[in-house]
6 protein chains.
Amino acid sequence: MPFISVEAVHPTHEQKGRLIAEITRIASEILELPQSSFYVLVKENDSDNWGVGGKQLSIILAEREK
Amino acid sequence: MPFISVEAVHPTHEQKGRLIAEITRIASEILELPQSSFYVLVKENDSDNWGVGGKQLSIILAEREK
Amino acid sequence: MPFISVEAVHPTHEQKGRLIAEITRIASEILELPQSSFYVLVKENDSDNWGVGGKQLSIILAEREK
Amino acid sequence: MPFISVEAVHPTHEQKGRLIAEITRIASEILELPQSSFYVLVKENDSDNWGVGGKQLSIILAEREK
Amino acid sequence: MPFISVEAVHPTHEQKGRLIAEITRIASEILELPQSSFYVLVKENDSDNWGVGGKQLSIILAEREK
Amino acid sequence: MPFISVEAVHPTHEQKGRLIAEITRIASEILELPQSSFYVLVKENDSDNWGVGGKQLSIILAEREK
């Protein structure tokens, strides 16, 4: 019954599929529980809503591109 | 002060209203706390972001419809 | 695949069992999904760790008992 | 490494920036950890998805405006 | 800045270390972000607090052992 | 109705009280909502359960002390 949530920005459809498949596989192996008992939830968030070290990620990214 | 969150796909307006009313009522009764102290939050997620047993729910649903 | 978490203080063994059974039953009915697809997780927290209106719940409760 | 999440309705761009900056600053000071180790995540939710005392916030707000 | 939480029962010290290392490695590879930007948090929960299909996991496990 | 959760290691009783009071005060001011509508929840986690950059925090801290 493990439940794994991944708070990210906006992964592509393919990245979400791979996160779900690979994280379930590896966690099922480590915890010795069947893959069928795992739920994985990918949560998407705008870079405007993420704060890293007190700064909005949207601003950090804009500054990097300069 | 209990806080209950419901990670779902996309319930309708009416389903959200019923989830909030019914879960609050039942949990208030069981925990013997006033309904006014409860917060319920319904979180919506695309089926693309849910992994069940290592597979994207969007793909599981598409396969079922075949 | 819904996942429901209940942030509470410390429910008894029996209250946890009832929360799990009753919330699953009602949510399954409202969302029209089988009960077997639901996970419910009861999270316990000391009243020292809950803040209500900016005040620790442990202090609010101690004041009420006076 | 603290991780702080703020479940709100829909703050403005400016409010999000201030929440991230101010909460990081104050929590860093209280916990005596560098600001660089903090992540803050602002989560947005429609008022339709919030339940307060068993009632949808969207309905509470609509009734207040009458 | 991704934040990954793993709601489990009680993994051993070694299992927690492996979950943290392996999930970070694979997610970093898929999302093309440096490992240093990842936080993983393993959350422990008694089987009494997990509900699977409306039943307490502690009871499901006790019945299996009979 | 905002709900703020703080995932930390193990703050002292006094630090928890200050986190609750200060975060509520600042967030209430920024979001222009009454303090009474805020819930803050401090979640404690062993350093064994935190992963930073793919490494257990307990191991990072032990290495620093050498």
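**Chain E and its contacts**

A: Start with chains E and A: 23 residues from chain E and 23 residues from chain A are in contact, meaning heavy atoms within 4.5 Å. This is a predicted model, where local features need pLDDT of at least 70, side-chain atom pairs count only at pLDDT 80 or more, and totals for chains, interfaces and linings use all residues. Residues are numbered from 1 along each chain as its sequence is written, chains are lettered from A and ligands numbered from 1 in the order in which they are written, and side-chain values use heavy atoms, with hydrogens and water left out.

Q: How much area do chain E and chain A bury between them?

A: About 2,100 Å², with 74% of it on carbon and sulfur atoms. Buried area is the accessible area (1.4 Å probe) that two parts lose on being put together, summed over both.

Q: Which residues in chain E lose the most area to chain A?

A: Met1(E), Ile30(E) and Leu31(E), together 30% of what that side buries.

Q: How many salt bridges and polar contacts across that interface?

A: The rule finds 0 salt bridges between chain E and chain A. A salt bridge needs a side-chain nitrogen of Lys or Arg within 4 Å of a carboxyl oxygen of Asp or Glu. There are 5 residue pairs in polar contact, both at pLDDT 80 or more. That term means a pair of N or O atoms within 3.5 Å; within protein, one must be able to donate a hydrogen and the other to accept it, and residues adjacent in sequence count only if both atoms are side-chain atoms.

Q: Which element of chain E gives the most to that side?

A: α1(E), with 11 residues. Helices (H or I, at least four residues) and strands (E, at least two) are DSSP runs, numbered from the N terminus.

Q: And strands: in which sense do β1 of chain A and β1(E) pair?

A: Antiparallel, over 5 bridges. Two strands pair if DSSP finds at least two bridges between them. Ile4(A) stands opposite Val6(E).

Q: Switching to chain C. How many residues does each side put into the contact with chain E?

A: Chain C gives 16 and chain E gives 13. The buried area is about 1,200 Å², and carbon and sulfur atoms give 52% of that.

Q: How many salt bridges there?

A: The count is 2. One of them joins Lys16(C) and Asp48(E), with the closest N and O atoms 3.7 Å apart.

Q: Which residue stands opposite Trp50(E)?

A: Leu41(C). The strands β2(C) and β3(E) pair in the antiparallel sense over 3 bridges.
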